[in-house]
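Please open the structure in a viewer and keep the selection tool at hand.

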Amino acid sequence: MRLPSGALTRRLTSVLTGLALLVSGGALTTGLELATAAPAMAVDNGLARTPQMGFNNWNATGCGPQFNEAMVKGIADLFVSKGLKNAGYQYVNLDDCWSLPDRDASGNLVPDPVRFPGGIRALADYVHAKGLKLGIYSSAGTATCAMTGNSGSLGHEQQDANLWASWGVDYLKYDNCNNQGIDTQPRYKAMGEALKATGRPILYSICEWGTSAPWTWAPDIGNSWRTTGDIRDTWQSMIGIAHANQALADYAKPGAWNDPDMLEVGNGGMTDTEYRTHMSLWAEMAAPLITGSDLRTATQSTLDILTNPDVIAVDQDPLGKQGSVVSDTGNLVVMSKPLADGSRAVTLTNERSTTATISTTVQAIGVAGAKSYKLKDLWSKKTSTSTGTIKVTVPSHGTVMLKVTPRTPVPTGLS
Ligand code: GLA
């Protein structure tokens, strides 16, 4: 699909601006050069054929005391009782501060006995008994990012991977703090090989914040890679990350996904309209859907946003394409994502501060050639018909998300 040059420039500028915030000058040139390279082969561990879905405590708790065994078990319970498991959420993931700062006498990582008195193996058993999976966290450095300086896995890759596998861990988020200035790719490759050598399928979520153009090398090594710095629970942060991630559509594929960071839906810093935009754009970009709010106190509205089956189906579509920007006129942004059934998922996002009308066409979204089209609004569930033009009214910071299906077969060569 062609990207209008203005939009392309804007998206690349966003990526480079994001990188500029994170790295010193030299990496920018590298990022731009590598952005034109062909995507590499996907990592061959059979996992994340569609983007991973789950929970991670970080956005809600950081290293606060409420991050503990009771919380994690409570989230697993709610995954089942509130319909998240049925909606596709599977991984219950622990972030930083699950372990003590120091290793034990044998050099093993030690779960914090105050937070996790039963240990991680028992927690994994609890989560597995519910038909869910457990994720863990470490850093490709000497210590994690927390102020407490918890041991990282640099130089301990195989020992740590073996320990996690022995506990029944199914997922690793691997951060980038305290990396001693060692090249990024070999540090992440070492852990990828260690995970593989355990013989246990462990989803590998690379988190180096987009600093070394990971989309060019990480598809060979891991199942997803963060493309930016950390998300915050604000409109500006969320939409800025979306812009950076939108430019990287060509690099996503089954088993290997761009990761614009975890969801903030329900954490209170945005309106529900903005959270629906957040969820719509993450699904349109085939992003991992890792909810980051404490579901034990979530409102019904938060749960409805997180479990909208039509929006999740777009994220999880088996074709595995990330949607791309087809037009961007003055902060009115249209994206299109090809779906396996020949239809398109379309987002029309109003990034302005007042209500606006957004228009596109079936040609622009890449599905021309039929006499008419069924339009289904994936949030309101209303359906309508179009013969070619799509025009919607969108509130400030809102997104209309449509599934556009040709009603008559599309003649070959015209789609
Ligand atoms: C980094 C990561 C975050 C989180 C924290 C934990 O900032 O990008 O997602 O894991 O570390 O300390």
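The stops that follow go from the ligand to salt bridges, then to a helix, and end with individual loop residues.

The model is predicted, so local features are given only at pLDDT of at least 70 and side-chain atom pairs only at pLDDT 80 or more, while totals for chains, interfaces and linings use all residues. Residues are numbered from 1 along each chain as its sequence is written, and side-chain values use heavy atoms, with hydrogens and water left out.

**Stop 1: the ligand**

The selection consists of Trp58, Asp95, Asp96, Tyr137, Cys145, Ala146, Lys173, Asp175, Cys207, Trp209, Arg226 and Asp230. By class, 6 of these residues are nonpolar, none is polar and 6 are charged. In this classification Ala, Val, Leu, Ile, Met, Phe, Trp, Tyr, Cys and Pro are nonpolar, Asp, Glu, Lys and Arg are charged, and the others, Gly among them, are polar.

Next, display distances from oxygen atoms of the ligand. A polar side-chain atom of Asp230 lies 2.5 Å from a ligand oxygen. For Lys173, an N or O atom of the side chain is 2.7 Å from an oxygen atom of the ligand, and for Asp96 a polar side-chain atom is 2.8 Å from such an oxygen. The protein covers 93% of the 310 Å² of accessible area that the ligand has on its own; this area comes from the Shrake-Rupley method with a 1.4 Å probe.

**Stop 2: salt bridges**

How many salt bridges does a search of the whole structure find? The search finds 12, a salt bridge being a side-chain nitrogen of Lys or Arg within 4 Å of a carboxyl oxygen of Asp or Glu. Side chains of opposite charge can pair when their charged atoms come close.

Helices (H or I, at least four residues) and strands (E, at least two) are DSSP runs numbered from the N terminus. Arg226 is buried, with a relative accessible area of 3%; buried means under 20%, exposed over 50%, and partly exposed in between, with a 1.4 Å probe and protein chains only. Asp261 is also buried, at 3%.

Move to Arg200 and Asp170, whose salt bridge has its closest N and O atoms 2.6 Å apart. Arg200 is in the loop between α8 (184-197) and β5 (203-206), and Asp170 is in the loop between α7 (157-167) and β4 (171-175), 30 residues apart. Arg200 is partly exposed at 26% relative accessibility, whereas Asp170 is buried at 4%.

Then select Lys376 and Asp310, a salt bridge with 3.2 Å between the closest N and O atoms. Lys376 belongs to strand β13 (residues 373-377) and Asp310 to helix α12 (residues 309-315), 66 residues apart. Lys376 is partly exposed, at 24%.

**Stop 3: helix α9**

Select residues 235-246, which form helix α9. This helix of 12 residues reaches 16 Å from its first C-alpha to its last, close to the 16 Å expected at 1.5 Å a residue, where the expected span is 1.5 Å times one less than the number of residues. Because 10 of its 12 residues are buried, α9 is largely enclosed by the rest of the structure. Among the buried residues are Trp235, Met238 and His243.

From His243, proceed to Glu351. The two side chains make a polar contact of 2.9 Å, a polar contact being a pair of N or O atoms within 3.5 Å; within protein, one must be able to donate a hydrogen and the other to accept it, and residues adjacent in sequence count only if both atoms are side-chain atoms. Glu351 lies in the loop between β11 (344-350) and β12 (356-361) and is buried at 12% relative accessibility.

**Stop 4: loop residues**

Select Ala213, in the loop between β5 and β6. Ala213 has a positive phi of about 45 degrees although it is not a glycine, and it is buried at 2% relative accessibility. Return also to Asp261, which has a positive phi of about 90 degrees although it is not a glycine.

Finish at Ser151, in the loop between β3 (133-139) and α7. Ser151 is buried, with a relative accessible area of 12%. The C-alpha atoms of Ser151 and Asp102 are separated by 5.9 Å, the two residues being 49 residues apart along the chain.

Terms used. Near = heavy atom within 4 Å.
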